[in-house]
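Trainee: I've got a model open and I'd like to learn how to read it. Can you walk me through it, feature by feature?

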Amino acid sequence: MITNLFFHGDADGCCAAAIASLDMEDVKLIPVLDAANFKPKIRTGDTIILDLGSQLTPADIRELQKKGNVLVIDHHVSKRLPCPHINPRLSGDKPLPAAFLAYKMVGKKSMAWIGAVGLIGDWGVKLAPTFLKKVRSRWPSLLKHVTQEEIYFEDKIGTMARAIDATVSVHGEKGALYVVKRLQKNIDSPSRFLDDKKLLSSLKRIEKEVAKVLKKVEHHRDKSYVEFSSKLPVKSAVAQKLKAEHKYKTIMVSQKRGRRYRLSLRSDKYDLNGLISHCGRGLDAYGGGHDKAAGASVAASDYKTFKERFLKYE
Ligand SMILES: [Mn+2]
């Protein structure tokens, strides 16, 4: 029987998929780029859902269970689902990223670096200090710094996470599948993982685009914000960089696509789920995510109001 493996197409999701599927037979890898609108559709077989799925309803799960067994491994805010559901939030633990969870459950020691790439990609340095210490002593050339920002922007392991996100941004679902295969091929040679034209040229292209957007950033009191349009989905990369440059600001990066703005928000000060529901009240707007990093979608016609509320929010 086939196993359908859905995974989020970011660094954490790709790393989780690479670890979980390495020795699986008859697995169908299905990357999901738009996590907010994820509804799994399968023809037959069992289903594993990685770094996604917490937003599914019990009815969605029961639909999948008509075809086979279902397992969800995730770390986003969630209600309990009617299937084996591994999510540290449900047991009151730290929201450890999916790649770390996959590594802990089924990974070999030689794959620890892949778990670490996912952890860094999901801003999880503080969540697993002992694990990172082990990774550092085994692969000292990958991991030299201590803070999340330094590791993400300067160390090789952070560059891997950025290159994975960039490859998915540039090449879409095919990029995500390429990344998973390449991680698996280089299990025993992490320093060679980045030695790849597709990954490096994607990273270069995204970083050029991010630099272009960063020039348009505006600041208002404790907020920094920017609006732009681009063919490349770079709003998260912009938000990440902007947050690193303006540590104490609340960040809103808005990328226009069609008749909507897609937003990436970052804040250490406000609970972003509360902020988004306040700013979007009565408008065609929805979103959410983690307290400190979240996304939203706002109709272009409502964006002005949303933004005014954002700038006033305290
Ligand atoms: Mn994740």
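Predicted model: local features only at pLDDT ≥ 70, side-chain atom pairs only at ≥ 80, totals over all residues.

Trainee: Let me zoom in on one member. What does A99 touch, leaving out residues up to four places away in sequence?

Mentor: On that count, A99 touches D12, C15, A16, I19, I114, G115, V117, G118 and L119.

Trainee: Back to the domains. How many residues of domain 1 are in contact with domain 2?

Mentor: Seven, and they meet seven residues of domain 2. On the domain 1 side, α6 and α7 (156-185) are the elements that give two or more residues. The most come from α7, with three. By type, the residues on that side of domain 1 divide into four nonpolar, one polar and two charged. As for spacing, the centres of the two domains, taken over C-alpha atoms, are 25 Å apart.

Trainee: Let's look into α6, then. Is I151 buried or exposed?

Mentor: To judge that, count neighbours: 20 or more other C-beta atoms within 10 Å make a residue buried. I151 has 24, so it is buried. This residue sits in helix α6 (residues 148-154). Not counting residues up to four places away in sequence, I151 touches I120, V125, L143, H145, I157 and G158.

Trainee: How far is I151 from G121?

Mentor: Their C-alpha atoms are separated by 9.9 Å, with the two residues 30 apart along the chain.

Trainee: Now backbone angles. What should I look for in phi?

Mentor: Most residues other than glycine have a negative phi. D51 has a positive phi of about 65°, and W123 has one of about 60°.

Trainee: Where is D51 found, and is it buried or exposed?

Mentor: D51 is in the loop between β3 (46-50) and α2 (58-65). With 31 other C-beta atoms within 10 Å, D51 is buried.

Trainee: And where is W123 found?

Mentor: W123 is in the loop between α4 (112-121) and α5 (129-138). There are 20 other C-beta atoms within 10 Å of it, so W123 is buried too.

Definitions and conventions. Residues numbered from 1 in each chain as written. Helix = DSSP H or I, 4+ residues; strand = E, 2+ residues; numbered from the N terminus. Buried ≥ 20, exposed ≤ 12 C-beta atoms within 10 Å, placed from the backbone. Contact = placed C-beta atoms within 7 Å. Domains from an automatic or database assignment. Nonpolar A, V, L, I, M, F, W, Y, C, P; charged D, E, K, R; others polar.
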